Structures are given as structure tokens and as C-alpha cells.
Amino acid sequence: MENKNFDVIIIGGSYSGLSAGMSLGRSVRNVLIIDNGKPCNRQTPHSHNFVTHDGKTPAEIAKLAKEDVEKYKTVQFYNGTVVKTSKVNDGFEIETSSGEKFYTKKIILASGVKDLMPDIPGFAECWGISVIHCPYCHGYEVKNEITGILSNGEMAYEFSKLVFNLTKNLTLFTNGKAALSKEQIEKLDQNKIILNEDEIKEIKHEEGSIQKVVFKNGKEIQLQALYAKIPFEQNVNVSDDLGCELTEQGFIKVDMMQKTNIPGLFACGDNVTMMRSVANAVAQGNFAGAVVNKELSDEEF
Ligand SMILES: Cc1cc2nc3c(=O)[nH]c(=O)nc-3n(C[C@H](O)[C@H](O)[C@H](O)COP(=O)(O)OP(=O)(O)OC[C@H]3O[C@@H](n4cnc5c(N)ncnc54)[C@H](O)[C@@H]3O)c2cc1C
């Protein structure tokens, strides 16, 4: 790529990054979108809860989004992985894993997060297929089925209420001693939600469709769906590279304008919020693009 200097570099070219790219392309900004093709929902067969695209595959939605953004000729695309971001003079230097360097006035981080799979054989294979991260995205399709929740503590209790709305055939697996109050356990019992504290050995499945949970004590339970809340990490290390602040939960800290604590560095999509959905990622990307364009316009006027 000949041109190395851009108004804006967007790191991550999935839903949020492409949406930011559209706002900026329509503002005739010189933009580079760098992406390494690993959106977090890539294993899920169908994406739901995004109007106009409900039930399409994640790849189909991303393909349509990219086709839209490609119409704007000041937006360029680069397949690769960003490994380092640094502050230079009046902007930033961005380095890819192949050693290529690009320069930009502003960065939009739309790099999502990496979900960290627990050490349970079968879990990763079922992730996004029959192991579900969110009731709004996939709960309707498995409503009334024999369902489990793999979680513990306050999060498990809150999640139980949401999932109980979709199925009454529900077990909460805490995979070890439950970190719940006496009142919470009583409430689960009142709603006939079974509490199971056995340690999980394995998830048996057929091509990602869960069949049963096998426990270390030899017991087994048949299941048709399992909700799970799992930890994550950021895909781009902007906290070490640039001193970008993270929240206690590990999200990039942004204000109402998608601005981080580093001037010129913006973030949007899954990397800033627990409200993980395609619709939300698109909305935040669209807004981040507009805010960055406004900032550039102010500076140039
Ligand atoms: C299993 C699963 C199923 C889901 N199902 C649904 C659903 O049905 N409906 C719904 O609305 N939401 C669903 N979601 C949530 C939805 O997928 C996310 O909210 C959405 O993908 C967030 O978009 P994003 O652009 O912020 O991040 P992502 O889509 O995760 O994209 C991040 C992009 O950044 C790129 N990237 C990361 N690091 C780098 C780097 N260093 N260099 C270059 N590129 C990089 C990645 O390759 C990726 O393309 C699901 C999530 C999961 C995990």
C-alpha cells in the first residue's frame, strides 16, 4: 500500500468498525480499516435481534456491510493484525504483524474482545451454537427447552431471572460451591430452578449441539441449551501501548462521545460495553465516526 498517512485508522473491520467507516467515508475522510477477520460471533450459525438482518449468518451481515462501505472511495482496507500503537508528534503510528507502519491523526478502536473459553472439553466447540452468551440473541430459538446456565454469584442470579422468562426447565450450574446468598437460593427454589454445584468434567455434543453435561463425580445431565458468562480480554493492548484506561471489568473506558482518556483515540463496540449486540456495535460505530469527523472539522476550520 503506497499511502501510509490517513485521517483516521479504524482497528477492526467488523460491524462497529465498518459502521464508523461509513460515517467517515460519507464525510470524504481518508480512512484505513485494518482487520484480521476474527469477529467474536464467527462460530454462531445465525445472528438474531438486528432489524433488517434477523436470522442471517454473521458473515452475510458483515459482507453486506463491507460492500456498502466499499462504495466510498476514500476508505481503504488492509488485511492484517495491528500489534503496536504509539503516539507520534500530532498523531499515532500503527504497526502491523508484518512490520508495516501507518500514520494517522485519529484512531478508532473497533477491535472487539476475545472470549476466554473455560477449560471444559466440548465448551469451545459448542460456543455460539448451543452454548449461548446472550438471551436476546439466541434465547428465542431455544425457548422452553431443557436449559442450563453456567455461572456463579450475582451474575448467575441476575441471568437466571432473564432466562427463566424463556424457559421454566432450568438448572443453574455453579461448577463448584454456589456463591449465592440464602435469599437468592430460596428464590431460585421458589421458581423451581435447580441449583447444581457439581464440578463439570466435560460437555458432550454433536457438532456443537450440546447433548449432556458430564460431572467429575460421574453424574450426567441431558441438556438442549446452556447459557454461559465467560471472561474476556482486549484484542489490542492500548493500555500498555498508549496508557489508555480500562474499566474495572476490563472494557476500554469511554465517555458519552466514545472518547478514551487519550486525545485522538476513540473506541466503540464490544470493547467498551457489556451490551454486546450487532445493533449496539453498529450504533456506536456510526456515532464514533461522526464524532471523529466533527473533531477533525473543528481542527481544520
Ligand atoms: C458466540 C456469539 C454469538 C453472538 N450472536 C449474536 C446475535 O445473534 N445477535 C447479536 O446482535 N449479537 C450477537 N453477538 C454479539 C455480537 O457478535 C457482537 O456484539 C459484535 O460482533 C460486536 O461487534 P464489534 O465490531 O465490536 O466486534 P467484533 O465483531 O468482534 O469484531 C472485531 C474485529 O476486530 C478485528 N481485530 C481485533 N483485533 C485486531 C487487531 N489487533 N488487528 C486487526 N484486527 C483486529 C477482528 O478480526 C474482528 O473482525 C454474539 C456474540 C458471540 C460471542
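**Chat about a predicted model: strands, salt bridges and surface**

Tutor: Let's start with strand β15 (residues 225-228), which is covered on both faces: A225 and Y227 on one side, L226 and A228 on the other, are all buried. Here buried means under 20% relative accessible area, exposed means over 50%, and partly exposed is in between (1.4 Å probe, protein chains only). Helices (H or I, at least four residues) and strands (E, at least two) are DSSP runs, numbered from the N terminus.

Student: Before we go on, what kind of model is this?

Tutor: This is a predicted model, in which local features need pLDDT of at least 70 and side-chain atom pairs count only at pLDDT 80 or more, while totals for chains, interfaces and linings use all residues. Residues are numbered from 1 along each chain as its sequence is written, and side-chain values use heavy atoms, with hydrogens and water left out.

Student: Thanks! Back to β15: which way does strand β8 run relative to it, parallel or antiparallel?

Tutor: Parallel: strand β8 (residues 131-132) is joined to β15 by two bridges. I132 stands opposite Y227 there. Two strands count as paired if DSSP finds at least two bridges between them.

Student: And how many bridges does β9 make with β15?

Tutor: Strand β9 (residues 147-150) pairs with β15 over four bridges, in the parallel sense. In that pairing, G148 is opposite L226 of β15.

Student: How many bridges between β12 and β13?

Tutor: Six, in the antiparallel sense, with β13 covering residues 209-215.

Student: Zooming out, how many helices and strands does the protein chain have?

Tutor: The protein chain has eight helices and 17 strands. Its radius of gyration is 21 Å, close to the 19 Å that the globule rule gives for 301 residues, so the chain is as compact as a globular protein of that length. That radius is taken over C-alpha atoms, and the globule rule is 2.2 Å times the number of residues to the power 0.38. Along the principal axes, the C-alpha atoms fill a box of roughly 65 × 35 × 35 Å. Buried residues make up 47% of the 301.

Student: New topic: how many salt bridges?

Tutor: The count comes to 17 salt bridges, each one a side-chain nitrogen of Lys or Arg within 4 Å of a carboxyl oxygen of Asp or Glu.

Student: Why does the one between E100 and K4 tie together separate parts?

Tutor: E100 lies in the loop between β5 (91-96) and β6 (101-109), and K4 in the segment before β1 (5-11), so the pair ties together parts that are 96 residues apart in sequence. Their side chains meet at 2.8 Å, N to O. K4 counts as partly exposed, at 26% relative accessibility.

Student: And R276, buried or exposed?

Tutor: R276 counts as buried, at 18% relative accessibility. R276 forms a salt bridge with D115, with the closest N and O atoms 2.8 Å apart. That pair links distant parts of the chain, 161 residues apart: R276 is in the loop between β17 and α8 (278-300), D115 in strand β7 (residues 113-115). D115 is buried too, with a relative accessible area of 12%.

Student: Which residues are linked in a network of salt bridges?

Tutor: K106, K259, E295 and E299.

Student: Last one: what's going on with phi at V28 and Q258?

Tutor: Most residues other than glycine have a negative phi. V28 has a positive value, near 45 degrees, and Q258 has a positive value near 65 degrees. V28 sits in the loop between α1 (15-25) and β2 (31-35) and counts as exposed at 65% relative accessibility. Q258 lies in the loop between α7 and β17 and is buried, at 7% relative accessible area.
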